Amino acid sequence: MIFADAHAHTNPLKGLGAKTVSKRFRESGGWFIALVSLPPTSLGLNPSPEGFERSIELVISECRAAREAGLRVVCLGGYHPAMIDKMIDKLGMKPEDAYRSSIKIIDLACTYIEKGLLHGIAEVGRPHYQVKPHYVVLAEMVLDYALTRAKDLGAIVHLHLEEGGWITAKDIEDRIRRIGISKDKVAMHHAKPGLLEHAISMGIPATVPAIYQVIQIASKHQGFYMFESDYIDDPARPGKVLYPWEISENTLKAVKEGFLNEEAIYKIHVENIARFYRVEPP
Ligand SMILES: [Zn+2]
Ligand SMILES: [Zn+2]
């Protein structure tokens, strides 16, 4: 059995970094990882275009390290909706300036996609915690812009969303249709049961945090979903959300306890990964 991590972050400045993480993941049976740039504030940087540029450069070198450690790697980055309130409330930007800066950051990510250094934009969408209502509007303006640019570039997008169940999924389905990007290119990241079943019924790919209790519930559903660690590689919050190798451990535990069979595992860890990320399985 081989395992994939559909969404993880590594921090080469403060954390274990991609080299160590990839080595341990490979030893646990890992074959694929999608590495996503960290929000600049996690790297001690400002959420400015310069801060994002540095975080993109870092994820690109982390992707190289993960490849050298023997994994197949897809590299994503460029944005995070949790940066909107940081821009406005911490940096003191006017909302219109935060919007303009965000658009610049999406454009910056797109130049890396055009050069073949990034495979897609992550993470765009809405904050998952309470913010002022117009910050959500701003986040949605950036989301639509990112989906439009990704459509033109044929790139993939990871969505970071609130846990709003059907409402969250239906809004995304409508947005995807309105903008005209292929559903196969857009994944709802951190989709837990409650949102996952709606993503599945609407045919929108999802990445599911491979927490054991979540796997137990997710295993009741068949569909276009993958497992993720959403590892943040922050020494202040060790093992959050999961270590990538815990995806392997929890998947094996689910097999042992009869929640998943080998066929289901092959679909989650190989077929769906190959289909979404367009990578060749080993
Ligand atoms: Zn996220
Ligand atoms: Zn993430």
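# Exercises on packing and backbone geometry

The largest nonpolar core has 87 residues, and Leu 35, Ile 121, Ala 146, Val 157 and Met 188 have the most contacts inside it. Such a core is a set of buried Ala, Val, Leu, Ile, Met, Phe, Trp, Tyr and Cys residues joined through C-beta atoms within 7 Å. A residue is buried if 20 or more other C-beta atoms lie within 10 Å of its own, exposed if 12 or fewer, and partly exposed in between, with C-beta atoms placed from the backbone.

The model is predicted: local features need pLDDT of at least 70, side-chain atom pairs count only at pLDDT 80 or more, and totals for chains, interfaces and linings use all residues. Residues are numbered from 1 along each chain as its sequence is written, while chains are lettered from A and ligands numbered from 1 in the order in which they are written.

## Exercise 1: the buried side of H3

Identify the buried residues of H3 and explain why they lie on the same side of the helix.

*Solution.* Step one: in H3 (residues 83-90), the buried residues are Met 83, Ile 84, Met 87 and Ile 88. Step two: because these residues cover an arc of only 130° around the axis, they are on the same side of H3; the arc is that of the directions from the helix axis to the C-beta atoms. Step three: the buried residues of H3 pack against helix H4 (95-114) and H5. Beyond the helix, H3 is followed by Gly 92, whose phi is positive, near 75°.

## Exercise 2: two helix pairs

Classify the packing of H4 with H5 and of H2 with H4.

*Solution.* The axes of H4 and H5 come within 10 Å and cross at roughly 20°. H4 and H5 are therefore roughly parallel, since angles under 35 degrees count as such, over 145 as roughly antiparallel, 65 to 115 as roughly perpendicular and the rest as oblique. The residues in this contact include Ala 98, Ser 102 and Ile 106 of H4, and Leu 138, Val 142 and Ala 146 of H5.

Step two: H2 and H4 pack at an angle of about 25°, with their axes 9 Å apart, which makes H2 roughly parallel to H4. The contact is made by Pro 49, Phe 52, Glu 53 and Ile 56 of H2 and by Ser 101, Lys 104, Ile 105, Leu 108, Ala 109 and Tyr 112 of H4.

## Exercise 3: Phe 52 and Asn 46

Decide whether Phe 52 and Asn 46 are buried, partly exposed or exposed.

*Solution.* Step one: Phe 52 lies in helix H2 and counts as buried because it has 27 C-beta neighbours inside 10 Å. Not counting residues up to four places away in sequence, Phe 52 touches Pro 40, Gly 78, Ile 105 and Leu 108. Phe 52 and Pro 40 are 12 residues apart in sequence and 5.8 Å apart in space, C-alpha to C-alpha.

Step two: Asn 46 lies in the loop between strand S2 (30-36) and helix H2 (49-68). Asn 46 is partly exposed, because 17 other C-beta atoms are within 10 Å.

## Exercise 4: backbone exceptions

Locate the cis peptide bond between Ala 122 and Glu 123, then describe phi at His 190.

*Solution.* Step one: the bond from Ala 122 to Glu 123 is cis, with omega near -5°, and Glu 123 lies in strand S4 (residues 120-125). Step two: phi of His 190 is positive, near 55°. His 190 is in the loop between strand S6 (186-189) and helix H7 (196-201), and is buried, with 21 other C-beta atoms within 10 Å.

Definitions and conventions: Helices (H or I, at least four residues) and strands (E, at least two) are DSSP runs, numbered from the N terminus. Two residues are in contact if their C-beta atoms, placed from the backbone, lie within 7 Å. Axes are lines fitted to C-alpha atoms, for helices over the stretch in contact, and angles run from 0 to 180 degrees between N-to-C directions.
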